[in-house]
Structures are given as C-alpha cells and as structure tokens.
Amino acid sequence: MNVIFQSSPWWILVCLLVGAVYALAMYQPLPRLAGNEGTIGGFDKRMTYGLAALRFVVVSLLCFLLLNPLIRSLRTLTEKPTVVLAIDNSESVAAAGRPALSQSLEKLQQLRNGLTERGLEVAVRRLGDTISNTPSGELDLTQIAFSQRTTDLSGLLSGIRSDYEGRNLTDVILVSDGIFNQGVSPTFGQYPFAVQTIGLGDTTAKRDIQLKGIVANRIAYLGNQFPIQAEIVSSGFQGRSGTVVLRQNGKELARQSVSFNQAETFNQLTFQTTATQKGVQHYVVDVLPQPGEFSTRNNRQDVYIDVIDGKEKVLLLALTPHPDIKALRSILEKNQNYELDIRILTGSTDPTPPADKVYDLVILHQIPDNGGVGNALAQKYLAKNTPVLFVLGNQSSLGPFNTSNPVMQIAGAPNQNDKVLGVFNADFKQLNFDPARLELLSKLPPMLAPYGDFRLQPGSEVVLYQQVGSVRTTKPLLALNVTSPRKTAVLAGEGLWQWRLEEYALTDKQEVVDELIQKVIQLISVKEDRRKLRVYPIRNEFIAGEKVIFETELYNDIFERVYDRPVRLEISDEKGITRSFTYTPTAANSRFEISRLPDGAYRFRASVNVNNRNEQSSGQFVVRDLQLEAVNTTADHGLLRQLSQQTGGQFYSPARLDELVNNLVDRPRQARLTSTEEMNEIINWRWLFFVILTLASIEWGLRKFYGGY
C-alpha cells in the first residue's frame, strides 16, 4: 500500500505551514501582566501547547485532504487447486441395482474425503443443480437420490466450465453410466480441464423389448383418419413374436403382431384410427410383456393428439365459371385449416348455400354483378359483418360495390378495363413479405382492372399498386381494411390464374402468388380475441415433474390491464378429478405455478368477477411422461473412455478409486495467485472523518472547560 499524489508533494509543506500559522494565531502569548505569568493565551503552557498541537493536526489534515491524494493497494489471493465431482444422478444409473450403486457411493465418499485431506478443494455438482456448486462438506454422497428423468452430460460439463471460468479448476471427476438422452454428446465439447471418468452401471446387453418411439401428428381434424406409428426394438428374443396394442381411455382400439426374427430386431407398425371426439385425446401404445424381460417400463408410451373441429369455413360465391375460381380453390386448399364451399350462381344445379351454415370468410367473385343476380345473396353475408374478399371482373357492378366495401371507391364506365401489372407497396408492414421475391410480379401477365378513378377509404392500406405499361400509378390493385367492423380486402382485377401459370413456367413452383393471397386471406379472416380474461399455460405440453405455469391477462371495459382480482382456476384430468386453486395476479407477477401434476391430458377453466360480471377462460394442456431413462439402460463406458482420452484424463472403475486419488494428489499442481490492484481516494476513508471530528471535539471541549471563548 502506498500513497500517490495528484499534485506536487511539496504542497504538504504548505499544508503544515497553514496548520502552524492557524495554531499560532489561535494560541499566541498574551502580553505580560500581573497575575498571568506562566500562561499563554489564558491557559497554562502545557494545556496551551496541547490545544495548539490539536489545532495544528486538524488544520494540516484538512489541507492535506484538499490535495486529493490516492492510496494504491495490492491484494494477493492464493487459490488452491479445485476438483469438481460431477455426478450423473439420473434414473438409468440405478437400473443396475441399488446394492451395487450404494457400494460405489461409499467409495465416492471416501474419494472426496481423501482429496480434501490432501489439500484439494472438492465441490460436488449433480444433474439439475441450480446453484453453481455444492460445498464438499454439505452433501452426503451415499444419500443421493437418482431420480433425474433426463440426462444431459454435455450441459452438466458446460455448466461447470461456465461457473468456474477464471478459477483454478484442474480436474472434473464425472461419475456416470455414459448414457445421455438430452443435448449433444459430451465428446463434442471443448473443456479447459481434464475429465476423469468413473464408470457406473451395467454394460451387459439386456434381454429386453423397447417401444423406441412413436410417430404421430400432433393435430387431427374431427372425423378424419390419422396414423400412429410405433417403433419396436428387441434384443435376445429371436424366434418369438409379440403383440402391440393401441388403447384409448382404457378401451382397446386395435392390436397387431410383431415378429422377432433375429437377436437384434427393429420393427415398425402403423395403426389407423379415427378422430371421433374433440379436444386432447390420450392414446396408449403398449407392447405386451414377454417372459424374461429386463424391464417393462419401456414397453409403453403415451400419445396425445389434439382433435379440433376448427377448420375455417370459406364460401366462394361466383357469378359464372371462371379460371380464377380454380386458382383460388388451389390456393385455399394448400391450407388444411380451410373448408371451402364453392357456389356458382349461373350454370349450377345447386347455386345457393345452406341457409343455416355459418361461414368465417366469404369470397365474392364478380359480385355485386351488372345483372343483379348475386346482389341479394351477397348482402345477406355483408349484413353479418363476415370478412369478405372482393374479386372484381368484367361483370362486376361498381355502383353496388362502392356502397358495399370500406376499402376503395371506383368511379368508371362499365365494361372499360385497363391491363395492369402489380407492384408491391414497400410501406405495407402488416404482413411479412420479401420484396425481393415479389419482384417476380413484374414478369407476370397483366390483369384486367376497371378503368377509372380509384379512391382509398379511411383506414385502408394498399398491398399492390397498378402499373400500366411502364408507368407506376397510385391506383390500388390489391388493398384491405382491417379497422372497419367488417374486415375486407379487394383484388381489383381478374387474371389470377394467369399469374399462377406464368410463375410455374418461370420457377417450376407456385409460391409467390399463392403466399401473397394466402396471407391477405389470413389477415382478414383471423378472429379477434375480445375476452376480458385470458388464462393460458405458457406451453401446450409439460414434462412430468416440472411446474405447470399459467399466464393471466385481465382487462377492463376499455381493454386496459387490471390486476389484484382473485382468479379461480379449476383443472380436471381424464378421470374427472378436479383440482381448484385461487390466486391473485399482480403487476409484478401475473403467473401462477402448479407442481406435481401426474401425466395426462387436462382441461382447465378460470373465472374472475370484474364489475359484477363473471368472466371466464378455458383451455387444455398435456403433462407428458417421457420415460427417457427407461429407453436405454445399457451403460456406455466407451463414451466415457473417449471423453477422458480427449481431455487428458483417465477412465476408472469404482474398484480403482484409490488409484485416482493418488494420481490427482501426486500430480504437480501450482496454487493460483490472483492479484488485485485498487486505487482509492483517502478522502473516502470514513474512519478518517471520525478521527478529525474527534480531535476537533476534544480541542473545543477543553477550551470551553478551561474558560476559553
């Protein structure tokens, strides 16, 4: 520690001089008069010199602090070598039997104690630990519960690398069976420490049948058939056959046989089933156990499929047959969420849609028309505020069209058209389009659009402008309005079928035009969520053992977020058992967590009282038991050997732990010295303030006590 001056040290003499002058001025001798011999300033000499010294020190120190000197300190820390004991506490490690595992854990306890006694700092890290490390003396290794449902060895080692960055970590002792089912292989990582591995588990191949995986769609539509594919792996059952069963709600739906022709076999079976109920449906695929199987935990897997009746019903109402109708049909049928109903008013045996059918979107092709054939039917849907896409053509009647749409007004003579190209409006930001891809529109044939003056209505936005020849105009070709009570889009031209054909001729694909129309249709047909209460899980699926977290949004009449209202949440499982909870969301925390829900499909309903009205929200979610640790229980010591070899470590069996201790202790290790330099201003020392205050107080108190004023 030393002092650094920010100005010349000669100023210290000035500080001392100021202190001396100040003390002399305060305690200078009085003139010699009768009765005051032997005194200075009214005090005896010893008291006067003492008070003057105090004043000198106080004033000199204050002047010295005005120079703002700095103190430089150098702190050196000695860090002992550290060893981290990384333990794979997953379920697969205990599959070989608890007695053998308990013996290995006792030897690990001795290993840790031996390393600690010989001067090494030992920390313990397990899968799933949320703290950076566990101090050596606070965890009994023999009591570790091997209950982790997944194994991510790469994540375990990467976490240690991150937490100990910059510290004197020399070795990591990885205690594992070498099986991982999450993340990447640990051999792919780069580690700045040696990984010593200790192999647990049983490397002997088991006589076992495993349901390796299930392949199925996550969504199916009500009434449709869908496949469920099972992948079965067997070992040691050659010459036998097995049975695979598909169940739903305890009821057997189908069963198939599978043959195990060789010692190691892989089979695939496909079940076809029909979605008969809405909501999340729980199916179980089960391989019936065989005599002599090592484990039957991996014979079963659960399948959760969300059966929805949520197809958007689209009515395509056309005046006459036209190639654009086929083009629109092809575009809409690319999206399985659309159920299309095409009605052609002239030349069709059944032109009128069912009176009781409700549509989510109506496409009016050349309606309203000059003959008034479809005007009355169109008004029926326009009055319901059903989203509408107008497609104009040669038969469109502009007068009724102008009064029926909130997007644009067209003033023009009947049967007069322009041949126009489409130019993308770069200022249109409601949808994500790639302007570079839409440059293809300039190479497509022109559309036939009404000739006349175009005027946009308030709230409307242009997607495509018209280009006549080489002249770009401000007339809209494709525009929409999503702010009006009825969301509406207008394609002011016919010839969409030519665009699709030409795009295919140029690119062998039909993507750009189809994406353009699809996104516009999706934008105007999407339903707004106007609920005051929205309660939903942050994911649709959770893993058994983890917390199910609900997010809560509550709004007032003008859709401002409100809080501090008690919410009642009811959760029902497949057996009809209902769990009830009450919580109060706040501005700081609008989430609610539920722990320890068993696997299965759940439905929930939330309710809250806002302004004397009961608001509700409902939905569903799944808690899935993956059983990843049961899929593979054969230890992979080859992976552990490879990992040790790559990092400069060695592989040890539990019987060779004494050798591991000797190797770690006998290896030359240097303690790490860490030096830290600090610069502080002396004026920031608090104790110095109290020293000066104490000295000044003593001087003042003595002066008052002895009569000095």
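1. For the terms: Phe, Tyr and Trp rings (the six-membered one for Trp) pair if their centres lie within 6.5 Å, and planes under 30 degrees apart are stacked, over 60 edge-to-face, the rest tilted.

2. A word on what we're looking at: this is a predicted model, where local features need pLDDT of at least 70 and side-chain atom pairs count only at pLDDT 80 or more, while totals for chains, interfaces and linings use all residues. Numbering runs from 1 along each chain as its sequence is written, and side-chain values use heavy atoms, without hydrogens and water.

3. Phe 550 sits in strand S31 (residues 548-554) and Phe 604 in strand S35 (residues 600-610), so the pair ties together parts 54 residues apart in sequence. Strands here are DSSP runs of E, at least two residues, and helices are runs of H or I, at least four, numbered from the N terminus. Both Phe 550 and Phe 604 are buried. They also belong to one aromatic cluster with Phe 542, Tyr 602 and Phe 621.

4. Two charges sit over rings (NZ of Lys or CZ of Arg within 6 Å of the ring centre and within 35 degrees of the ring normal). The charged end of Lys 206 is 5.1 Å from the centre of the Phe 294 ring. Arg 207 lies over the face of Phe 237, 4.5 Å from the ring centre.

5. On to the pockets: open sets of points on a 1 Å grid over the protein atoms alone, with protein on both sides within 12 Å along at least five of seven lines; lining residues have an atom within 4 Å of a point. The largest pocket has a volume of about 290 Å³. It has 17 lining residues, and those closest to the centre are Ile 214, Gln 301, Asp 302, Arg 624 and Leu 626. Strand S17 gives the largest share of this lining, five residues.

6. The second largest pocket comes to about 250 Å³. Asp 306, Ile 308, Asn 540 and Gln 620 line the second largest pocket.

Technical notes. 1 Å grid on protein atoms, 1.4 Å probe; cavity = no way out; pocket = protein on both sides within 12 Å on 5 of 7 lines; lining within 4 Å. Points joined across faces, edges and corners; volume = space filled by probe spheres on them. Buried < 20%, exposed > 50% of the residue type's maximum accessible area, 1.4 Å probe, protein only.
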